[in-house]
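Please read this briefing alongside the sequence and the coordinates. It takes up strand pairing, salt bridges and a surface patch in turn.

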Amino acid sequence: MVHFPNMVNALPSGSGEFRRVLWTGLYSQVVLMTIPVGGDIGEEIHTVDQALTFTSGKAKATVGGEDKDVEAGDLVIVPAGTKHQFVNTGPTPLILYTIYSPAEHDPKTVHKTKEEGDQLEDDGKDEAPEWSQKSKAENKKAGLV
């Protein structure tokens, strides 16, 4: 069992890491993110679905061209293929965890800054594992499910 107790109320508010993968499974991945004051996630489009749960701070969410203010306790869904951006608009770091389905990052990913993460992604060094991109039929055949 993988267990993260009190995830919504007790995420490490002192975490200075932009992105840390907490867990990667066959069909999903859990990632912790900390966006500094005035910072952003970066406008992007994924080929995977994403659900973001905000646990601290405030942000302007832009998803599919629609803007909305979000804060601790909110959940935002970003369907695959949808342009999105989240900008920290509050006086404290924006802390969230996100679930990608399937995985979006290398299972060992730890990015101290957005710039580091962007560079590693651009260099092809932060890729989801090949096995996380396989079909259910392929995973069944391999005895993984």
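Helices (H or I, at least four residues) and strands (E, at least two) are taken as DSSP runs and numbered from the N terminus; on that basis, V2 sits in the segment before β1 (19-24). This is a predicted model, in which local features need pLDDT of at least 70 and side-chain atom pairs count only at pLDDT 80 or more, while totals for chains, interfaces and linings use all residues. Residues are numbered from 1 along each chain as its sequence is written, and side-chain values use heavy atoms, with hydrogens and water left out.

**Strand pairing**

- An open sheet is formed by 3 strands in the order β5-β4-β7 with antiparallel pairing, where two strands are taken to pair if DSSP finds at least two bridges between them.
- Its edge strands, each pairing on one side only, are β5 (66-71) and β7 (84-88).
- Strand β4 (residues 58-63) is joined to β7 by 5 bridges in the antiparallel sense, and V63 has H84 as its bridge partner in β7.
- Strand β3 (residues 49-56) pairs antiparallel with β6 over 4 bridges, and the partner of Q50 in β6 is V78.
- Strand β6 (residues 75-78) has a covered face made by V76 and V78, whereas L75 and I77 lie on the uncovered one.

**Salt bridges**

- The structure holds 6 salt bridges, each defined as a side-chain nitrogen of Lys or Arg within 4 Å of a carboxyl oxygen of Asp or Glu.
- One of them joins R20 and E17 at 2.6 Å, N to O; R20 is partly exposed at 32% relative accessibility, whereas E17 is buried at 18% (buried means under 20% relative accessible area, exposed over 50%, partly exposed in between, with a 1.4 Å probe and protein chains only).
- Another joins E121 and R19, whose closest N and O atoms are 3.5 Å apart, and this pair links distant parts of the chain, with E121 in helix α1 (residues 114-122) and R19 in strand β1, 102 residues apart.
- In that pair, R19 is buried with a relative accessible area of 3%, while E121 is partly exposed at 28%.
- E43 and K83 also meet in a salt bridge (3.9 Å, N to O); E43 lies in the loop between β2 (29-35) and β3 and K83 in the loop between β6 and β7, so the pair ties together parts that are 40 residues apart in sequence.
- E43 is exposed at 58% relative accessible area, and K83 is partly exposed at 44%.

**Surface patch**

- V2, F4 and W23 make a nonpolar surface patch of about 270 Å², where patches consist of residues with over 30% relative accessible area and no salt bridge, like charges being joined within 9 Å and nonpolar side chains (Val, Leu, Ile, Met, Phe, Trp, Tyr) within 5 Å.
- V2 is itself exposed, with a relative accessible area of 51%.

Key:
Accessible areas come from the Shrake-Rupley method with a 1.4 Å probe; for residues, only the protein chains shown count as cover.
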